[in-house]
Amino acid sequence: MTLVRLHRTSSYAIPSLFSSSSSTAVSASRFSRTSDASTCGAPAWIGKGLTCVCFKRKGSYERICMSLTPLQEERLRRLKHRMKVYFDASKPDHQEALRALWSATFPGQELHGLISDQWKEMGWQGRDPSTDFRGAGFISLENLLFFAKIFSTSFQRLLKKQGERGAAWEYPFAVAGVNITFMIMQMLDLDSTKPRSFVRPIFLQMLSENEWAFDLLYCVAFVVMDKQWLERNATYMEFNDILKSTRVQLEKELLMDDVLRIEDMPSYSLLC
């Protein structure tokens with residue numbers, strides 16, 4: 001399973017949630033939709049010299065504003081910054097996040113070291129998980145930790161396949177998570193000067209209302225991928241196909257008429 005190597009710079013960490021000492025009993029309601037006076041009511045899109053674009057939804061044409069509100073600009077800037085951060089095993093905050101992931105995944109089980117055969121239990125390819133972050137960087141670790149803390153029941157079920165019939169070959173859980181982060185980054189295409197679909201502007205509106213929209217979308221993507229994996233009784237050689245079909249499903253749901261936030265996506269109900 002190979003990830004594309006990306007260029008990344010600097011460091012960005014989300015405090016409190018990713019502290020190994022913080023409680024794992026974090027309520028998902030913290031990341032629900034919020035109302036803000038500076039948030040506009042339509043999806044937004046970065047563009048120069050343009051004011052709006054029309055697209056057909058529910059049989060009528062709706063307009064998408066091209067200019068971002070200050071809130072949207074700030075949240076987009078922060079998200080894009082997160083996407084550019086390499087995982088650096090020499091940085092204390094990155095080490096802390098890795099330990100926090102272990103604690104959230106295996107509560108009460110002592111970790112012998114940041115380089116240890118224990119990491120293979122989580123689905124890393126070797127003794128050193130830092131080597132698996134190359135394609136998606138530090139944000140992929142943040143995504144895994146968010147999933148483990150906010151939707152711990154779903155996280156543990158997917159990790160251990162509790163209550164599932166299983167498949168002939170199980171995917172490496174943690175490495176699959178890194179691939180899912182990279183897939184979502186490609187799908188949203190936030191660095192492109194010309195958006196290739198309406199998925200990006202719709203997501204930007206969701207981001208303006210909930211700064212954790214990317215992380216929530218990641219959790220939805222993971223359960224969708226796992227569901228498709230089990231339904232197809234997939235094998236290692238089919239992982240990329242499953243990832244592609246997961247992306248198609250996400251795009252389909254994001255473009256639904258009544259989906260205005262991540263929590264409105266039909267597959268969000270798979271999380272618990």
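Modeller: The secondary structure of the protein chain comes to eight helices and two strands, where helices (H or I, at least four residues) and strands (E, at least two) are DSSP runs numbered from the N terminus. Along the sequence these elements follow the pattern β-β-α-α-α-α-α-α-α-α. This is a predicted model, in which local features need pLDDT of at least 70 and side-chain atom pairs count only at pLDDT 80 or more, while totals for chains, interfaces and linings use all residues. Residues are numbered from 1 along each chain as its sequence is written, and side-chain values use heavy atoms, with hydrogens and water left out.

Of the 272 residues of the protein chain, 51% count as buried; buried means under 20% relative accessible area, exposed means over 50%, and partly exposed lies in between (1.4 Å probe, protein chains only). A nonpolar core is a set of buried Ala, Val, Leu, Ile, Met, Phe, Trp, Tyr and Cys residues joined through side-chain atoms within 4.5 Å. The largest such core here holds 78 residues, and the members that touch the most others are Trp124, Phe147, Ile184, Phe222, Met225 and Ile262. The elements giving two or more residues to this core are α1 (70-82), α2 (92-105), α3 (138-150), α4 (152-160), α5 (173-188), α6 (199-209), α7 (213-232) and α8 (239-254), and the largest share, 14 residues, comes from α7. In soluble globular proteins, nonpolar side chains tend to be buried together.

Contact means heavy atoms within 4.5 Å. Not counting residues up to four places away in sequence, Trp124 touches several residues, including Leu101, Trp119, Phe133, Leu144 and Val178.

Helix α5 is mostly covered, with 15 of its 16 residues buried. The expected span of a helix is 1.5 Å times one less than its number of residues, so the 16 residues of α5 should span 22 Å, and this agrees with the 23 Å between its end C-alpha atoms. After α5 comes Asp189, whose phi is positive, near 50°.

Turning to α7, its axis and that of α4 come within 11 Å and cross at roughly 35°, where axes are lines fitted to C-alpha atoms, for helices over the stretch in contact, and angles run from 0 to 180 degrees between N-to-C directions. In this contact Ser154, Arg157 and Leu158 of α4 meet Phe222, Val223 and Asp226 of α7. These residues divide into three nonpolar, one polar and two charged, with Ala, Val, Leu, Ile, Met, Phe, Trp, Tyr, Cys and Pro counted as nonpolar, Asp, Glu, Lys and Arg as charged, and the others, Gly among them, as polar.

Finally, Ile242 has its place in helix α8 and counts as buried because its relative accessibility is 1%. Leaving aside neighbours within four places in sequence, Ile242 is in contact with Met225, Gln228, Trp229, Arg232 and Ala234. Ile242 and Val224 are 18 residues apart in sequence, and their C-alpha atoms are 9.6 Å apart in space.
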